[in-house]
Amino acid sequence: MKRHTATILRTCCFALAAVVAGCATNGGSQLPGVSQGNLNNNALQLAVGTANIGQDGTVGLNVVATLRQANGISGVLADQPTLTLPSGMLVPAGTPGAYSSSKYGPNVDAGTNHVSGSPQVPLNNAGLVNSTLGTFTGVFTYGFGPFNCDQSCSSTGGYYIGNPNNTGGNGFFSSNYAGVSFQGSVGMADPTQPLPFFSADPFDYVIGNGATGVPQFNNGTYPVGFAGYSPGFTVFELPPVAGAYSLSVLVPATNAPQVTYTANATLGSTAALGPISVTFVSDASKDGGGTGVVTVPPGVTETEVFVVDQKSGQYYTVGPLTGTGAVSYTLPANLGPCTTNCPQPTLKAGDGLFIAAVGYDYPAFEAGPPGNTSQKPAITGSNGQADITMSPIGNTTY
């Protein structure tokens with residue numbers, strides 16, 4: 001939900017890394033070694049659904065995608081996605097692109113039925129295309145994200161949540177969205193503000209310590225700045241339309257034939273899940289934990305509660321929770337980052353918090369890293385869709 005004024009940018013996301021496989025950008029526990037792989041062995045999946053956006057009371061489109069090798073990690077280090085919507089479902093005219101319209105022209109997606117990324121260009125920006133997703137956003141292990149590899153990959157080892165592609169001049173922090181989380185962002189910090197056209201994970205929500213099966217990654221054993229895992233959903237602030245959706249992902253390799261993956265999905269129903277809400281109460285002992293209740297509507301099969309410490313920048317998640325109605329949850333007390341003097345409290349007195357809940361009608365948590373290493377995880381529910389409901393964002397102090 002973070003929005004920035006688009007300014008001039010200089011992209012450097014060459015396709016030099018597009019023919020290599022093995023980097024678990026978008027939520028790997030540790031970045032594995034990089035080696036050239038057979039791109040034809042990768043598999044792309046697409047699911048669509050409705051998104052009840054409690055922040056502004058609208059219903060949008062939820063998109064879930066995976067692009068994985070047989071071992072479940074990201075298929076490529078850089079790619080160029082294009083999402084095609086049903087005929088008549090148009091990106092609103094005037095929707096900003098990732099780059100400055102005064103410098104590079106209007107968003108090529110505005111007024112069309114597709115949402116696209118831009119081709120890679122040299123440092124002088126020759127041929128730069130102003131699109132919704134820009135040159136830096138691709139599809140990886142679980143969802144869309146600003147993790148396209150560039151010339152800095154040799155030193156960074158790859159990009160991931162907490163360490164997005166923010167190389168100087170590539171436009172990431174100059175774009176209309178920015179991508180670590182909802183910390184300190186418009187919308188999350190000021191719930192009266194509407195969402196941008198393109199929002200949500202992994203730009204607003206991160207699976208942090210506390211979720212079932214998520215290891216302690218704040219103890220120095222993970223890459224520096226690693227913030228958590230992707231819950232996989234990306235929300236577009238567009239009224240959903242029933243019909244056929246398609247996703248194509250181009251890998252514009254330079255030292256091998258380029259490959260384009262395609263996947264299709266159908267939205268059979270535009271009926272949204274009901275609203276969801278969440279409360280949070282600090283432990284009376286102020287030991288860093290907390291409790292709360294999520295009010296979950298019918299149709300939701302699992303729920304996650306997201307807690308962000310605004311001061312430390314740490315992300316915590318409780319879930320997946322099951323059941324509907326009033327569902328209680330507990331945020332454990334000793335999840336705070338530490339390499340010495342462990343354990344440390346999860347939260348500290350006086351810290352500002354953001355609290356939100358998301359309910360799903362499909363196995364969202366089970367499909368994602370670190371637990372799922374399947375090439376084609378289940379990303380739809382019993383109705384063949386990936387519907388979600390998102391609570392308004394709470395802002396409180398521990």
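User: Where is A271 found?
Analyst: A271 is found in the loop between β12 and β13 (277–278), where strands are DSSP runs of E with at least two residues, helices are runs of H or I with at least four residues, and both are numbered from the N terminus. This is a predicted model, in which local features need pLDDT of at least 70, side-chain atom pairs count only at pLDDT 80 or more, and totals for chains, interfaces and linings use all residues. Residues are numbered from 1 along each chain as its sequence is written, and side-chain values use heavy atoms, with hydrogens and water left out.

User: Is A271 buried or exposed?
Analyst: A271 has a relative accessible area of 52%, so it counts as exposed; the cut-offs are under 20% for buried, over 50% for exposed and partly exposed in between, with a 1.4 Å probe and protein chains only.

User: And how far is A271 from N52 in space?
Analyst: The two are 9.6 Å apart, C-alpha to C-alpha, although 219 residues separate them in sequence.

User: Switching to β12 itself, which residues are on its covered face?
Analyst: In strand β12 (residues 259–267), the covered face is made of V259, Y261, A263, A265 and L267, whereas T260, T262, N264 and T266 form the uncovered one.

User: What stands opposite T262?
Analyst: S248 stands opposite T262 in β12, and strand β11 (residues 243–251) pairs with β12 in the antiparallel sense over 9 bridges, given that two strands pair if DSSP finds at least two bridges between them.

User: Which backbone nitrogen lies 2.8 Å from its side chain?
Analyst: That of F365 lies 2.8 Å from a polar atom of the side chain of E302.

User: Then D387, how far is R68 from that one?
Analyst: D387 is also buried without a salt bridge, and its nearest side chain of opposite charge, R68, is 19 Å away. The side chain of D387 does make a polar contact with the side chain of N383 (3.0 Å), a polar contact being a pair of N or O atoms within 3.5 Å, one able to donate a hydrogen and the other to accept it, with sequence-adjacent residues counted only if both atoms are side-chain atoms.

Key: Lys and Arg count as positive and Asp and Glu as negative; His and the chain ends are not counted. A salt bridge is a side-chain nitrogen of Lys or Arg within 4 Å of a carboxyl oxygen of Asp or Glu.
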